[in-house]
Amino acid sequence: MKNRLRVLRAELDWSQADLAERLGVSRQTVNAIETGKYDPSLPLAFSLARTFKRRIEEIFEAEQGRL
Amino acid sequence: MTPLPNKSRRSLQWNRCIPIPHRPFMRTESNLPPQVSEMPGPPLLPVQSTWITYRAQIEIGLALLAYMMFLVGSVTILRANPDASWRYIVAVVPVAPASLVLFLFARRLARLDELQRRIQIEAFGFSLAATALITFAYGFLEGAGLPHLNWTYILPLMAALWAVGAAIFTFRYR
């Protein structure tokens, strides 16, 4: 799943570790979500949306043909 | 006291009822995380940062060490006193540090986040399947004439394969 996490993080000048601490997950997990290797659970996606004050659709984008 | 003009009273109420984070003359900067260089207090010693990062691993390692020491002590005492009436109690004593290992291990698993949990499940699955494969294969080899091995080798084999699996799946999500 594509996402805009890296851009949103850069806008706020947060490191992966900063974001991980705010979400209560490991830096490894933030990195895996960012690189698209892991799709977060719904609760984690919602806390991401809350953290960036955006809707989930503004952060994640389903790849064509998979939904 | 003169009553306030209608317009400004409304704006006062507006200000009171709806908190707007970015209204003028209020705090507008974002909640940036504190810079590490500006953190008060002396910098962390290497030993302190190691404890913060690897606390669970260190705790489980120390508990395992305690278990092994209790086990060696218990076996040594039992060998020296094979007919004592208290031998069952001494034989059961290592269960206490083993329960500590179990408790710390379960706590560590409960504190993992969702990706780390997935990695552990995949590693356990890998370990289970690989152990089954290896023990079955060796079982048939035993039937063909290889020497019989002790059953206690199975758990270390499983643990080693679990570590290998955890390394593989951690690398996959990097």
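How many residue pairs are in polar contact across the interface of chain B and chain A? In this predicted model, the rule finds five such residue pairs, with both residues at pLDDT 80 or more. Salt bridges between chain B and chain A number zero. On the side of chain B that touches chain A, the elements giving two or more residues are α5 (114–143) and α6 (154–172) of chain B. The largest share of that side comes from α5(B), with five residues.

The size of an interface is often given as the accessible area lost when the parts come together. For chain B and chain A about 1200 Å² is buried between them, and 50% of this lies on carbon and sulfur atoms. Chain B puts 13 residues into the contact, and chain A puts in 15 residues.

**Salt bridges**

Over all chains, the count comes to seven salt bridges.

| Pair | N to O distance |
|---|---|
| Arg9(A) and Glu34(A) | 2.7 Å |
| Arg54(A) and Glu11(A) | 3.5 Å |
| Arg55(B) and Glu59(B) | 3.0 Å |

Arg9(A) and Glu34(A) form a salt bridge. Because Arg9(A) lies in helix α1 (residues 5–12) and Glu34(A) in helix α3 (residues 27–34) of chain A, this pair ties together parts 25 residues apart in sequence. Arg9(A) is buried, at 8% relative accessible area, and Glu34(A) is buried with a value of 8%.

Arg54(A) is partly exposed at 29% relative accessible area, while Glu11(A) counts as exposed at 51%.

In chain B, Arg55(B) and Glu59(B) are both in helix α2 (residues 46–80), four residues apart, which is about one turn of the helix. Arg55(B) is partly exposed, with 40% relative accessibility, whereas Glu59(B) is buried, with 17%. Back in chain A, salt bridges that share partners join Arg6(A), Arg9(A) and Glu34(A) into one network.

**Surface patch**

A nonpolar patch on the surface is formed by Phe70(B), Ile77(B), Trp86(B), Ile89(B) and Val93(B), which together have about 460 Å² of accessible area. Val93(B) is in the loop between α3 (87–92) and α4 (95–111) of chain B. With a relative accessible area of 38%, Val93(B) is partly exposed.

Technical notes
Residues numbered from 1 in each chain as written. Chains lettered and ligands numbered in written order. Predicted model: local features only at pLDDT ≥ 70, side-chain atom pairs only at ≥ 80, totals over all residues. Heavy atoms only, no water. Patch = residues over 30% accessible without salt bridge, like charges linked within 9 Å, V, L, I, M, F, W, Y side chains within 5 Å. Areas by Shrake-Rupley, 256 points an atom, 1.4 Å probe, with all protein chains shown as cover. Salt bridge = Lys/Arg side-chain N within 4 Å of Asp/Glu carboxyl O. Buried < 20%, exposed > 50% of the residue type's maximum accessible area, 1.4 Å probe, protein only. Contact = heavy atoms within 4.5 Å. Buried area = accessible area lost by both parts, 1.4 Å probe. Polar contact = N/O pair within 3.5 Å; in protein donor to acceptor, adjacent residues only side chain to side chain.
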